Amino acid sequence: MTFRKYLVLAGVTLFAAIGDTFLARGMKQVGNVSLHGLPDIVFSILNPWVALGIFFLLGFFAAYMMALSWADLTYVLPATSLGYVLLTLIAKFFLHEQVTTMRWLGVVLISAGVGFVTQGPALTRHPSRHNQRDREPEPVGTGAEP
Amino acid sequence: MKHAYTWGAILAVVLASTAGDVLLSRAMKKVGDVGTLWRSAGLLAVAGRILRRPSFLLGIFMMAVSFFSLLFALSWGDVSLVAPASASLTFVANAVAAKIFLHEHVDHRRWIAALLVAGGVVLLAA
């Protein structure tokens, strides 16, 4: 794992949290969507907050694809879950929501999980039989060092 | 009815996004390190290689299903329930799916991480 790769993981985290915040805000303005009006959900992208959320989620997606090209899914997902911690901080300091003790405990658990997974290797090395079938080009960079 | 819609949509989000993550991860592993490829072949070549992967396109489709399910869920339930519930279930579902379908080495460290994160996300909703 290089500094550049940690930056990509940070991008995944930040863009997802910001995008979700905007989406949630926009969908509250759009209001309840019923099963009958399901096709109408497509038009919710016309809401500016939803559109801005989608813009950030595109950035998230590009960073996420980059990360998945050199790290395992079970590494990238927990490693980028700090976004929930970020969402909690946004809720507390920007939206002025009340953050309970339980939520802070949740923040602690997530941070612990992130600590756990980032201690280990980022990529599974498939020693023998999966090599040919699963990977045509041999992935570059071991990702083994922390 | 509100609860049935909300939880039905959450289940759809979890299943679709897990399928999407697994497909996208498989596609990107086959493409190889994007950073290295970008420097050697250029951005267009990278994009072309990614877009030619059927598993990438199918993954995108599943992500779109998951996205609209999430919008649907958000329009019925509180974001403080919908987001953590679908996310925490997705973490656990992904750990299982990555082990089965991607043959990732999900050791105890990764199980603990997935469960801690899933548990933490549930607490965020409390």
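This is a predicted model: local features need pLDDT of at least 70, side-chain atom pairs count only at pLDDT 80 or more; totals for chains, interfaces and linings use all residues.
Let me start with the two chains. Chain A has 6 helices and 0 strands. From the N terminus on, its elements run α-α-α-α-α-α. Chain B also comes with 6 helices and 0 strands. Read from its N terminus, the order in chain B is α-α-α-α-α-α.

Now burial. In chain A, buried residues are 41% of the 146 residues. In chain B, they are 51% of the 126 residues.

Next, contacts along the sequence. Take the contacts in chain A between residues at least 6 apart. Of these, 72% join residues at least 24 apart. For chain B, look at contacts with a separation of 6 or more. Residues 24 or more positions apart account for 77% of those. As for extent, the C-alpha trace of chain B spans about 50 × 35 × 25 Å along its principal axes.

Before going further, a word on confidence. The mean pLDDT of chain A is 79. In that chain, 81% of residues reach 70 or more. Where in chain A is confidence lowest, and where is it highest? The lowest is H6(A), with a mean of 45. The highest is H2(A), at 92.

Two stretches of chain A deserve a flag. Over residues 128-138 the pLDDT stays under 50. The model gives that stretch 10 contacts beyond four places in sequence. Residues 141-146 of chain A are also below 50. Please keep both in mind for what comes next.

Now the core. In soluble globular proteins, nonpolar side chains tend to be buried together. In this model, the largest nonpolar core has 80 residues. The residues with the most contacts inside this core are Val12(A), Ala67(A), Leu68(A), Ile110(A) and Ala73(B). So which element gives the most? That is helix H1 (residues 2-31) of chain B, with 12 residues.

Zoom in on Leu68(A). Set aside its neighbours within four places in sequence. Within chain A, Leu68(A) is in contact with Leu73(A) and Val76(A). In chain B, its partners are Leu24(B), Ser25(B) and Met28(B).

Let's move to a helix pair in chain B. Two packed helices are described by the angle between their axes and the distance between the axes. Helix H2 (residues 34-41) and helix H3 (residues 43-51) of chain B pack at an angle of about 130°. Their axes are 7 Å apart. That angle makes H2(B) oblique to H3(B). From H2(B), the contact uses Val34(B), Leu37(B), Trp38(B) and Ala41(B). From H3(B), it uses Leu43(B), Ala45(B) and Val46(B). The contact divides into 7 nonpolar residues, no polar and no charged.

First on my list, Gly77(B). It sits in the loop between helix H4 (54-76) and H5 of chain B. Is Gly77(B) buried or exposed? Gly77(B) is buried, because 21 other C-beta atoms lie within 10 Å. Not counting residues up to four places away in sequence, Gly77(B) touches Thr6(B) and Val82(B). Gly77(B) and Ile10(B) are 67 residues apart in sequence. In space, they are 9.7 Å apart, C-alpha to C-alpha.

Then His103(B). This residue lies in the loop between helix H5 (79-101) and helix H6 (108-125) of chain B. His103(B) has a positive phi of about 55°, although it is not a glycine. His103(B) has 14 C-beta neighbours inside 10 Å, so it counts as partly exposed.

And Ala51(A), in helix H2 of chain A. Ala51(A) counts as partly exposed because it has 14 C-beta neighbours inside 10 Å. Ala51(A) and Pro39(A) are 12 residues apart in sequence. C-alpha to C-alpha, they are 17 Å apart in space.

Note on methods. Residues are numbered from 1 along each chain as its sequence is written. Chains are lettered from A and ligands numbered from 1 in the order in which they are written. Helices (H or I, at least four residues) and strands (E, at least two) are DSSP runs, numbered from the N terminus. A residue is buried if 20 or more other C-beta atoms lie within 10 Å of its own, exposed if 12 or fewer, and partly exposed in between; C-beta atoms are placed from the backbone. Two residues are in contact if their C-beta atoms, placed from the backbone, lie within 7 Å. Axes are lines fitted to C-alpha atoms, for helices over the stretch in contact, and angles run from 0 to 180 degrees between N-to-C directions. Angles under 35 degrees count as roughly parallel, over 145 as roughly antiparallel, 65 to 115 as roughly perpendicular and the rest as oblique. Ala, Val, Leu, Ile, Met, Phe, Trp, Tyr, Cys and Pro count as nonpolar, Asp, Glu, Lys and Arg as charged, and the others, Gly among them, as polar. pLDDT is the predictor's confidence in each residue, from 0 to 100. A nonpolar core is a set of buried Ala, Val, Leu, Ile, Met, Phe, Trp, Tyr and Cys residues joined through C-beta atoms within 7 Å.
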